[in-house]
Protein chains: 2
Amino acid sequence: MTKRNSNPARSQTCEAPKRAAERIRESARDLFYRQGIRAVGVDEIVTHAGVTKPSLYRSFPSKDELTADYLRHMGEEGLARFDAIIAANPSDPRGQLRVWLRDLQKKANGKDYRGCGTTNAAVEYPDRGHPARKVASDIKNRFRTKLVALATALGAKTPDRLGDALLLLFEGVYASGQIFGAGGPARVVLEAADALIDSYCSQ
Amino acid sequence: MTKRNSNPARSQTCEAPKRAAERIRESARDLFYRQGIRAVGVDEIVTHAGVTKPSLYRSFPSKDELTADYLRHMGEEGLARFDAIIAANPSDPRGQLRVWLRDLQKKANGKDYRGCGTTNAAVEYPDRGHPARKVASDIKNRFRTKLVALATALGAKTPDRLGDALLLLFEGVYASGQIFGAGGPARVVLEAADALIDSYCSQ
DNA sequence: AGCCTATGTTACCGACCGGTACGTCGTTCG
DNA sequence: CGAACGACGTACCGGTCGGTAACATAGGCT
């Protein structure tokens, strides 16, 4: 039996869907990221969440839409984290990037690192009409824009190109991190980024 | 291994009745690469190949093994292509890399580019015990070694690190190519590689 | 009280999944 | 010739997939 929660603060103003939907979101996020989206069935999700299938389909129209929701949440969170690091180190763009990269590198060295969930979703759903793929593309485009802004702050001669070069590095860490694990190519990302910055900012 | 049983008297060339196994291989490669492995069922493969399911299971013990075979063939081919470019431009390592990169870039600009099938397979099969994943890891390790050799030829101070930096770039092109399509970050890979080489080779 | 909303319970659907038992055909060769 | 053999197809299996219908229950609200 699932334990019943006694939630005294029951306001209808925000987030009326109290438990089930959120538990499903968390479970889906966990399972989708670790095992891949197509590899996880809805039965596994509801079991992991301690709810039942109808509860899932009351909150989400389909598995595809649940997937899109998963990507949306994770993507917005990632972009917000990026912004937070930017805000925490004002007027030091190189330091901002370093913090972000070191953080990424640390995660990429984790035993069960699985790369970027957004990129992975794009791999699993190549069809550009798929709801999950649309969200993934949106997130990636916005990240690309942020990197161009960062490259501008870094003083690049061609910021859009430095931003793209850095994006290549990021995607490289995502992929190689999950393929090679600790000790993989991701170990050089800091110095590689420095090399790119120096090259694009020198005159 | 498939049994060698071609009859010399019967076949003028291995042409007219293309063997079922080979048709299956080709179809699997086509479908797996374009749509993803988990997205393609064995029924779709045999239909596309114009054969029937038992023919598949006579040549391959399981879908997982067919997948491993697909990755093995594609990977060996890719590594051989790399070697061929190296051999075609002796004593010009930078030129070798440029040829390889320009070729990759051209493919990455294709309308339905889907990145590296090996990387994609690793994304779809995170379990390191899976036969497909094992093949993928092997191919990637060998590619990494080749890049270190190239970095050595380029005269890098720390060839293993330049090789890894270049590998990050490659994986970046694979991922961003299929996400952003033409006009994506892959457009800067040539100059980014040059920047990395210069940095790692300068003293 | 009586409703409303969110959830659980059970049972079910058709489609598709990977995989197989077994029959058939055509060639080869004693 | 005709038996043996290797290549292939027909038909089918049990399980799982995403998704749904119908009904029960429990608690908060007016």
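**Notebook: two protein chains and a DNA strand**

I started at DNA strand D and looked up the residues around it: there are 18, and Gly41(A), Ser62(A), Lys63(A), Ala20(B) and Thr52(B) come nearest. A reminder to myself: this is a predicted model.

Next I asked which helices each supply at least two residues of the surface near DNA strand D. From chain A I noted helix H2 (42-49), helix H3 (53-59) and helix H4 (63-88), and from chain B helix H3 (53-59). I also sorted this surface by class and got 6 nonpolar, 5 polar and 7 charged residues.

Then I turned to the place where the two chains meet. How many residues of chain A are in contact with chain B? I found 38, and they touch 38 residues of chain B. On the chain A side, four helices each give at least two residues: H6 (117-124), H7 (131-154), H8 (159-180) and H9 (189-201). The largest share of that side, 15 residues, comes from H8(A). By class, I wrote down 19 nonpolar, 9 polar and 10 charged residues for the side of chain A that touches chain B.

My last entry is about symmetry. I looked up how chain A can be laid over chain B: a rotation of 180° with 0.0 Å of shift along its axis does it, with an RMSD of 0.1 Å. The two copies are therefore related as by a two-fold rotation axis. Which C-alpha of chain A is nearest the axis? I found that of Gly172(A), 2.2 Å away from the axis. Finally, I checked the contact residues again: 100% of those in chain A recur in chain B, so the same surface serves both copies.

Key: Residues numbered from 1 in each chain as written. Chains lettered and ligands numbered in written order. Predicted model: local features only at pLDDT ≥ 70, side-chain atom pairs only at ≥ 80, totals over all residues. Contact = placed C-beta atoms within 7 Å. Nonpolar A, V, L, I, M, F, W, Y, C, P; charged D, E, K, R; others polar. Near = placed C-beta within 6 Å. Least-squares fit on C-alpha atoms with pLDDT ≥ 70 in both.
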